[in-house]
Amino acid sequence: MMTGYVLAALLGATPALADFQPVHEESNFRALVEGRELTRFGVRLQVLPQGQITGRGFGMRVGGEWEWREGYFCRTLVFGQSGDPYNCQLVLQDGDTLRFISDQGRGDQADLRLR
């Protein structure tokens with residue numbers, strides 16, 4: 001049951017905001033996340049330059065791998081005894097908030113703050 005909460009927090013729907021702009025280039029994405037944490041209620045993640053994702057979500061260790069492919073943030077996640085399969089996500093930015101939209105911008109979205 002807890003896995004569902006973590007997945008919802010990582011991928012759950014968030015309200016629409018008008019000022020989000022797409023992040024098209026890997027170098028721009030890397031500059032945004034380098035040395036910073038991505039946070040949202042109960043979730044703290046780091047996207048590391050070597051292609052790993054690490055952190056915690058609702059008390060569980062979160063890990064995974066990522067790559068930038070054709071303008072999308074593509075990643076896998078493992079949390080607790082579950083995981084989320086490979087998915088390429090559209091990344092949008094509004095100030096210190098990044099919005100990740102699964103399925104190349106056609107799926108669920110999650111907003112995470114850069115700290």
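Predicted model: local features only at pLDDT ≥ 70, side-chain atom pairs only at ≥ 80, totals over all residues.
Colleague: Is glycine 42 buried, partly exposed or exposed?
Modeller: Buried needs a relative accessible area under 20% and exposed needs one over 50%. The relative accessible area of glycine 42 is 35%, so glycine 42 is partly exposed.

Colleague: How far apart in space are glycine 42 and glycine 57?
Modeller: Leaving aside neighbours within four places in sequence, glycine 42 is in contact with Arg56, Gly57 and Phe58. Glycine 42 and glycine 57 are 15 residues apart in sequence. From C-alpha to C-alpha, the distance between them is 5.6 Å.

Colleague: Which residues of H2 are buried, and why are they placed on the same side of the helix?
Modeller: The buried residues in H2 are Phe29, Leu32 and Val33. They are on the same side of H2 because their arc around the axis is only 85°. The face turned away from that buried side carries the exposed residues Ser27 and Ala31. The names asked for are thus Phe29, Leu32 and Val33, and the arc is 85°.

Colleague: Which strands do the buried residues of H2 pack against?
Modeller: After H2 comes glycine 35, with a positive phi near 70°. The buried residues of H2 itself pack against E3, E5 (60-69), E6, E7 (82-94), E8 (97-101) and E9 (109-114).

Colleague: Are the rings of phenylalanine 29 and phenylalanine 73 stacked, tilted or edge-to-face?
Modeller: The count of aromatic pairs comes to 7. In the pair of phenylalanine 29 and phenylalanine 73, the ring centres are 5.1 Å apart and the planes are at 45°, so the pair is tilted. The pair links distant parts of the chain, 44 residues apart, with phenylalanine 29 in helix H2 (residues 26-33) and phenylalanine 73 in strand E6 (residues 72-79). Both residues are buried, and the arrangement of their rings is tilted.

Colleague: Which residues form one aromatic cluster?
Modeller: Phenylalanine 29 and phenylalanine 73 belong to this cluster. Its members are Phe29, Trp66, Trp68, Phe73 and Phe100.

Colleague: Which side chain is joined to that of threonine 39 by a polar contact of 3.2 Å?
Modeller: Threonine 39 is found in strand E2 and is buried, with a relative accessible area of 5%. Not counting residues up to four places away in sequence, threonine 39 touches Arg44, Asp111, Leu112, Arg113 and Arg115. The polar contact of 3.2 Å joins its side chain to that of arginine 115.

Note on methods: Residues numbered from 1 in each chain as written. Heavy atoms only, no water. Buried < 20%, exposed > 50% of the residue type's maximum accessible area, 1.4 Å probe, protein only. Contact = heavy atoms within 4.5 Å. Phe/Tyr/Trp six-rings, centres within 6.5 Å; stacked < 30°, edge-to-face > 60°. Helix = DSSP H or I, 4+ residues; strand = E, 2+ residues; numbered from the N terminus. Arc of directions from axis to C-beta. Polar contact = N/O pair within 3.5 Å; in protein donor to acceptor, adjacent residues only side chain to side chain.
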